Amino acid sequence: MDASIMDGKDLSTGAVSAVRNIANPVKLARLVMEKTPHCFLTGEGAGKFAAEMGIPEVAMEELITERSKKQLEKEKHGNGAERSDYPKNSAGTVGAVALDSKGNVAYATSTGGIVNKMVGRVGDSPCVGSGGYADSNIGAISTTGHGESILKVNLARLTLFHMEQGKTVEEAADLSLGYMKSKIKGLGGLILISKTGDWVAKWTSTSMPWAAAKDNKLHVGLDLGDTTITDLP
């Protein structure tokens, strides 16, 4: 599994890739950010650091489901890991962005990667600038979708670049996702929040489950044009 996290206040960041037997790799990524002089740990080194930090291991069988095994078998008969237009490739990605009362932003992204991937493959989620980015002078973003496509265009930083040029969150999201789709036929999605609290959830894949909380209102959606707003308790 792979994960990354970033504090927009001072651009502190932590990331891990190719870690196993850990229930919440984003917690390990945060420890990399807070407890080491480094930004990124991978594989055996990340596992050793997790043990040193007291992160409990989870039995491998607890992280395997029948649904996932069936999906893997299905993909083995096709080329799912090579296709840039396969929306289910990012089904295991979870991301979050936040703006606090002091005006600071942050992001976190965590994933199990694409189905039927090569051993050692790392996608966009742990890569700062692709899987996410946070700068309190601009905003914060977390991305999902076809990792190889997202890496090629640096989707997260590209979106914030458009915001730096004066684009709204809607415009910036449309421009970056549109560029990835037109340039390399890559599909994906993102959640984005500006330093002033404007936010958007956008995607070019079939659907993307998302939720946002602001001013005691909860906004949730899955398909285009499908948004439900309820009061937070």
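Two strands count as paired if DSSP finds at least two bridges between them; strands (E, at least two residues) and helices (H or I, at least four) are DSSP runs, numbered from the N terminus. This is a predicted model, in which local features need pLDDT of at least 70 and side-chain atom pairs count only at pLDDT 80 or more, while totals for chains, interfaces and linings use all residues. Residues are numbered from 1 along each chain as its sequence is written, and side-chain values use heavy atoms, with hydrogens and water left out.

**The five-stranded sheet**

Select the five strands that form an open sheet in the order E3-E2-E1-E5-E4, with mixed pairing. Its edge strands are E3 (40-42) and E4 (94-99), each of which pairs on one side only. On average, and with direction ignored, neighbouring strands here are turned by 5 degrees against each other; axes are lines fitted to C-alpha atoms, for helices over the stretch in contact, and angles run from 0 to 180 degrees between N-to-C directions.

Next, display strand E2 (residues 12-17), which runs parallel to E3 and is joined to it by three bridges. Within this pair, Val 16 has Leu 41 of E3 as its bridge partner.

How do the axes of H1 and H2 cross? They come within 11 Å and cross at roughly 80 degrees. H1 is therefore roughly perpendicular to H2, given that angles under 35 degrees count as roughly parallel, over 145 as roughly antiparallel, 65 to 115 as roughly perpendicular and the rest as oblique.

Show the side chains where the helices meet: Leu 28, Leu 31, Val 32 and Lys 35 in H1 face Ala 46, Phe 49 and Ala 50 in H2. The residues of this contact divide into six nonpolar, no polar and one charged. In this grouping, Ala, Val, Leu, Ile, Met, Phe, Trp, Tyr, Cys and Pro are nonpolar, Asp, Glu, Lys and Arg are charged, and the others, Gly among them, are polar.

**Thr 93**

Move to Thr 93, in the loop between helix H3 (66-76) and E4. An unreviewed UniProt entry annotates Thr 93 as "active site"; UniProt positions are given in the numbering used here, feature names are shortened, and annotations may be inferred rather than shown by experiment. Leaving aside residues up to four places away in sequence, Thr 93 touches Thr 109, Ser 110, Thr 111, Ser 125, Thr 143 and Thr 144. The side chains of Thr 93 and Thr 111 are joined by a polar contact of 2.9 Å (a pair of N or O atoms within 3.5 Å; within protein, one must be able to donate a hydrogen and the other to accept it, and residues adjacent in sequence count only if both atoms are side-chain atoms).

**The hairpins**

Select E8 (residues 188-194) and E9 (residues 199-203), antiparallel strands joined by five bridges. Gly 189 stands opposite Trp 203 in E9.

Finally, turn to the open sheet of three strands in the order E10-E11-E12, whose pairing is antiparallel. In the hairpin of E10 and E11, with two residues between the strands, Asp 215 takes a positive phi near 50 degrees.

Note on methods. Contact means heavy atoms within 4.5 Å.
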